[in-house]
Amino acid sequence: MASAGKPLIGHSRRYDTILRFVVALPGGYIISALGGVCIAFWLPLSRADNAMAGMLLGLLLWPVVFIAAFGVPNIRRLAVMTGVLTFVFAVFVFSSGWHP
């Protein structure tokens, strides 16, 4: 939204906001869910403590991703960053033995 250079005008500004919501809502949810599962598998605590830590991390991670979606000036960069982070968390989670 706020970027150095040319300001967005009219419909392109509206579409940019809609695209950011489309990337931020499901992307943030997927990243927070996979991040929570990842931390739950990798912490050396009891199962209950790992589950609680994973839930808390997910609750902290989703708003950060959502807010960052409106801080990144380029929508393509936002989509690539979200995809890469999702892929990294998915590799960690599936390599540790989790299956849906």
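Author: Let us begin with burial: a residue is buried under 20% relative accessible area, exposed over 50% and partly exposed in between, with a 1.4 Å probe and protein chains only. The model is a predicted one, in which local features need pLDDT of at least 70 and side-chain atom pairs count only at pLDDT 80 or more, while totals for chains, interfaces and linings use all residues. Residues are numbered from 1 along each chain as its sequence is written, and side-chain values use heavy atoms, with hydrogens and water left out.

Reader: Why is threonine 82 called buried?

Author: Threonine 82 has a relative accessible area of 11%, and buried means under 20%, so threonine 82 counts as buried. Threonine 82 lies in helix 3, where helices are DSSP runs (H or I, at least four residues; strands are E, at least two) numbered from the N terminus. Leaving aside neighbours within four places in sequence, threonine 82 is in contact (heavy atoms within 4.5 Å) with Val23, Gly27 and Ile31.

Reader: What does the side chain of threonine 86 reach?

Author: The side chain of threonine 86 reaches the backbone oxygen of threonine 82 at 2.8 Å. A polar contact is a pair of N or O atoms within 3.5 Å, where within protein one must be able to donate a hydrogen and the other to accept it, and residues adjacent in sequence count only if both atoms are side-chain atoms.

Reader: How do you know that the buried residues of helix 3 line one face?

Author: The buried residues of helix 3 are Leu78, Thr82, Thr86, Phe89, Ala90 and Val93. Seen down the helix axis, they fall within an arc of 105°, so they line one face of helix 3; the arc is that of the directions from the helix axis to the C-beta atoms. On the other side of helix 3, Arg76, Val80, Phe87 and Ser95 are exposed.

Reader: Which residues make up the largest nonpolar core?

Author: A nonpolar core is a set of buried Ala, Val, Leu, Ile, Met, Phe, Trp, Tyr and Cys residues joined through side-chain atoms within 4.5 Å. The largest one has eight residues: Ile31, Leu34, Cys38, Leu61, Val65, Phe89, Ala90 and Val93. Helix 1, helix 2 and helix 3 are the elements that give two or more residues to this core.

Reader: What makes the pair of phenylalanine 21 and phenylalanine 66 tilted?

Author: Rings of Phe, Tyr and Trp (its six-membered ring) pair if their centres lie within 6.5 Å, and planes under 30 degrees apart count as stacked, over 60 as edge-to-face and the rest as tilted. The structure holds five aromatic pairs. In the pair of phenylalanine 21 and phenylalanine 66, the centres are 5.7 Å apart and the planes stand at 55°, so the pair is tilted. Phenylalanine 21 lies in helix 1 (residues 11-42) and phenylalanine 66 in helix 2 (residues 47-69), so the pair ties together parts 45 residues apart in sequence. Phenylalanine 21 counts as partly exposed at 37% relative accessibility, whereas phenylalanine 66 is buried at 18%.

Reader: What kind of pair do tryptophan 42 and phenylalanine 92 form?

Author: Tryptophan 42 and phenylalanine 92 form an edge-to-face pair, with 6.0 Å from centre to centre and 70° between the planes. Tryptophan 42 counts as exposed at 51% relative accessibility, and phenylalanine 92 as partly exposed at 39%.
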